[in-house]
Amino acid sequence: MTLLSTPTIAPPTGATVELVGVVKDYAGHRALSGIDLTIAPGEFIALLGPSGCGKTTALRALSGLEQVDQGRILIDGENVADVPVNRRDIGMVFQSYSLFPHMTSLENVEFGLRMRKVGAADRKRRAREALEMVGLSEKSAQYAHQLSGGQQQRVALARALVTRPRVLLLDEPLSALDAKVRVQLRDEIRRIQTDLGITTLFVTHDQEEALAVADRVAVMREGRIEQIGSPEELYTAPLTPFVANFVGLSNRIEAELVGGAVVIHGQRIESLGERRADGPVVAFIRPEDVAFAPTGIAAVVVGSTFLGSLRRTQVRLADNSLLMVQHEVGVHPAPGERVAVSFAARPVAVGPRA
Amino acid sequence: MMVSAGTLPGRDKTSRVSNATRVGAEPSRTARAVILGVVGVVFAIPIVGMIIFTFRDGLTGTYTLDHWTGLFAPDAARTYRNLFTAIGNSLTLAAVTVAIVLVLLLPTMLLVHLQFPRLRRVLEFICIIPITVPAVVLVVGLAPVYSIVVRTFGGSIWTLAFAYGITVLPFAYRAIQSNLESVDVITLSEAARSLGANWFSVTWRVLLPNLRRGVLAASFISVAVVLGEFTIASLLNRVNLQTALLQVSQSDPYVAVIFSLLALAFAFVLLLLIGRFGSTGRDRSPSA
């Protein structure tokens, strides 16, 4: 894959974006339940969540493609909630391929400039620069059907950026691509975004994608932002069981909370300072925080998966529950082998038992 | 205790897209040739019969060019004046009917598709109704309406296009709808709007170029339907090509058949034009 050239289009000024108490209803169903979100100039925020959590609705509300029922949408302090989409000065890349089929790549990129009545010479120069920025200058005369999916999305990115918008909105732009192109394109998007310093909102349901590219990730659930923070914060200190379960891989283990400590199969682990009454709980422990040990909780190996630089092994405990252990590839536990496991770190989250 | 593994849900999307289900096998080259041949013969026999008929001399049974050359005789304009007037009427009606389709039906379909998708079924039902109503029944309903139309707009022939605008609805609707379904007009219009386009630019610069095939097909099919329409014009006492042909056929059946053939040829040319001009740059460009 060709690496991108240094962007030559003039960097836009990153804008501050604020969603304040944004509410959106669809025929009795509340899609957004009072979203509050502030994005700093030049920041890259990912909205992450399962299908139907409201992340795309939030993005479309910011773009102006959806009218909000309540709340304010501020771009650089200006409330744009009632401003139509074509006057919001935003760039958008869609999930489905959205290049205009009757136009070449260059004509597609020129479109936004044409709408802004930019002169022909300047328009063509800027469009060519934008295509060069995404590494597709040699495809300027090609139509959408002559481009691969990844190339189409790159042209769409160039088209969204060429007008120097205040905000860039990415609505799952990688979801229709195959795995390898996905990773390449997401890195390229991040590189261009960093170089241009454009405020960006990226919607995805792929946690790996969100954690890899975003400065901060907002995890959404049922129309609300459950937690917002850096990828590290979300992974190491999820505030709720939902976030712990949704972000990264977790062992969900039934345990007892006793005097502020979590007790699992007799093993006592310090908790995260949960102020919860003693009693049955569910603890979320990362596979890398579980280790094989000479002594510990007795278990039987069920199976092991080689993952390149590491290995994950599933073990069955005495009560028939399963536990995932992440360890070095040099260790080869055989199915049926009797082992002992212990917890190397405290749970990332503790929640009530259902 | 249990393990919950975080999944990567986007991953299986690509495979879903690429694994399109194929229903039935494609017919062989021979089967295609046979089907095409049989259908072609069914269509060709009456047309060839008409062509042969126009060269027949009714009295001697020999072949002659007189029926065709007679159309260019010095007194032909006078002899067939009513027929030429009827052709002019039909062309006027075709133009007004196409205008009705483009000005009323097309914007309505776009609006419903983009803004009121729940009304799609209702619109489809309304547009299909005329095909289920026999023309005679339609005229019975239209007769009192036309008494008002005549009072309002006068008795000009073009007012018949209001009725034709209804009769062509099923054909025009299907032509445009099939094109609408093949193009993701919602995403295209949203992309255009996000790039600063107003609704006029969205429609003119983005949607219509991608709906050209459907719009042309709707227009040309409407023209073909109007040129072939007889019942409504006859029962409402208007003169169009078909009513004039019937009148002429009683005195000169050869000329009636010649003009029928010319009308058919005109319709064929229109269909060819759909294929020629209905394709976008995308279709004409060489594959990468």
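Helix axes here are lines fitted to C-alpha atoms over the stretch in contact, and angles run from 0 to 180 degrees between N-to-C directions. Helices (H or I, at least four residues) and strands (E, at least two) are DSSP runs, numbered from the N terminus.

The model is predicted, so local features need pLDDT of at least 70 and side-chain atom pairs count only at pLDDT 80 or more, while totals for chains, interfaces and linings use all residues. Residues are numbered from 1 along each chain as its sequence is written, chains are lettered from A and ligands numbered from 1 in the order in which they are written, and side-chain values use heavy atoms, with hydrogens and water left out.

**Exercise 1. Describe how helix H2 of chain A meets helix H11 of chain B.**

Step 1: Start with the geometry. The axes of H2(A) (residues 105-115) and H11(B) (residues 199-210) come within 13 Å and cross at roughly 150 degrees.

Step 2: Classify the angle. That crossing makes H2(A) roughly antiparallel to H11(B); angles under 35 degrees count as roughly parallel, over 145 as roughly antiparallel, 65 to 115 as roughly perpendicular and the rest as oblique.

Step 3: List the contacts (heavy atoms within 4.5 Å). From H2(A) come A:Phe111, A:Arg114 and A:Met115, which meet B:Ser201, B:Arg205 and B:Val206 of H11(B). By class, the contact has three nonpolar, one polar and two charged residues. Ala, Val, Leu, Ile, Met, Phe, Trp, Tyr, Cys and Pro count as nonpolar, Asp, Glu, Lys and Arg as charged, and the others, Gly among them, as polar.

**Exercise 2. Work out the packing of H6(B) with H9(B).**

Step 1: H6(B) (residues 120-132) and H9(B) (residues 169-182) pack at about 140 degrees, and their axes are 7 Å apart.

Step 2: The two helices, H6(B) and H9(B), are therefore oblique to each other.

Step 3: Among the residues in contact are B:Leu123, B:Cys127 and B:Ile131 of H6(B), and B:Phe171 and B:Arg174 of H9(B). The contact divides into nine nonpolar, no polar and three charged residues.

**Exercise 3. Trace the partners of strand E11 in chain A.**

Step 1: E11(A) (residues 250-258) pairs with E14(A) (residues 279-285) in the antiparallel sense over seven bridges. Within E14(A), A:Phe284 is the bridge partner of A:Arg252.

Step 2: Three bridges join E11(A) to E12(A) (residues 261-264), again antiparallel, with A:Glu256 opposite A:Val263.

Step 3: Inspect the turn. The hairpin of E11(A) and E12(A) has two residues between the strands, and A:Gly259 takes a positive phi near 60 degrees there.

Technical notes
Pairing = 2+ DSSP bridges.
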